[in-house]
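This briefing walks through a few parts of one structure, topic by topic. Please keep the sequence and the 3D view open while you read.

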Amino acid sequence: MIKIEGLKKSYAGRPVLQGIDLTVEPGEFLVVLGPSGAGKSTLLRCINGLVQPDAGRTLIDGKVFDTKSKARGEQPVAMIFQHHNLVKRLSVLKNVLVGRMAGLSSILTMLQLFPKRDVEIAMEALARVELPHKANSRGDQLSGGEQQRVGIARALAQQPAVILCDEPVASLDPKTSRIVLGYLKAICKEKGIAVICNLHQVDYAVEFGERIVGLSGGKVVFDDTPDHLTAEIVHQIYPGLEDPGIGRVLKPRAAARQPILAPLVATATA
Ligand SMILES: Nc1ncnc2c1ncn2[C@@H]1O[C@H](COP(=O)(O)OP(=O)(O)OP(=O)(O)O)[C@@H](O)[C@H]1O
């Protein structure tokens, strides 16, 4: 279980996260929505131990995880990025094995020598995203969607408790985006890995998210299942958004409901 308690972060005196509390269960697929600058990436960086919050903490299975844990090589958190972050000149298999490096001595890492068990784990992860036949291809010989599937395999090979995804389909076409999100969700369920996924696309959030968190002005302004996400709430999460079609992706039942969090309007207009 991932427990995020009172996370606060400011840059140059400007608050970016203003006290985030979230609990995410194993195997839960949580989507974070919010406008540019809402603090979505900062939230993931704090959870991942890349950024030290000014206040608050993240507990993973009851143990604090922060920048110090990361520096010690603890790896309960895997990350998937928008631009895949593959090493293009390395083979697909070696890219996936990057997910296993934390447990290796620096000499083995330098020589790119991997224990048989790690290679097996990496191949299993590649098989899970249906790319074992690409193991010996170079990273830059794959399409964008395939590269993102390798990114998922690399995260999976790390055997994490949580996978954080920062706009993982922002540079993919709609069909490929659905394929990639489909793999992520299936893996989340099968392996009991919590997934926290930043997205900009409300339609994908509703289609794939089991739970949606709306972030605005560094605060959680919505936290519920997709069928409770109304067009009004979407407009309040994204102030000034002019997209009359947004209501079409929301279920009629949701469209009939009222916004459920009182601070929403105040935060969105602050
Ligand atoms: N290292 C940093 N130094 C200074 N300011 C930062 C830093 N990282 C983020 N910020 C600022 O914090 C705010 C939130 O940034 P963040 O990247 O978390 O937003 P976001 O919701 O992920 O936006 P986007 O959807 O555009 O990626 C922004 O105003 C950004 O400029």
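This is a predicted model: local features need pLDDT of at least 70, side-chain atom pairs count only at pLDDT 80 or more; totals for chains, interfaces and linings use all residues.

**The pairing of E4 and E5**
- Strand E4, which covers residues 55-60, runs antiparallel to E5 and is joined to E5 by 3 bridges.
- Ile60 has Lys63 in E5 as its bridge partner.

**Helix H1**
- Helix H1 spans residues 40-47, and since 6 of its 8 residues are buried, the helix is largely enclosed by the rest of the structure.
- The buried residues of H1 are Lys40, Thr42, Leu43, Leu44, Cys46 and Ile47.
- Just after H1 comes Gly49, whose phi is positive, at about 75 degrees.

**Arg89 and its surroundings**
- Arg89 is placed in the loop that lies between strand E6 (77-80) and helix H3 (92-97).
- Is Arg89 buried or exposed? Arg89 counts as exposed, because it has 9 C-beta neighbours inside 10 Å, and the cut-off for an exposed residue is 12 or fewer.
- Although Arg89 and Gln141 are 52 residues apart along the chain, their C-alpha atoms are separated by 9.3 Å in the model.

Conventions. Residues are numbered from 1 along each chain as its sequence is written. A residue is buried if 20 or more other C-beta atoms lie within 10 Å of its own, exposed if 12 or fewer, and partly exposed in between; C-beta atoms are placed from the backbone. Helices (H or I, at least four residues) and strands (E, at least two) are DSSP runs, numbered from the N terminus. Two strands pair if DSSP finds at least two bridges between them.
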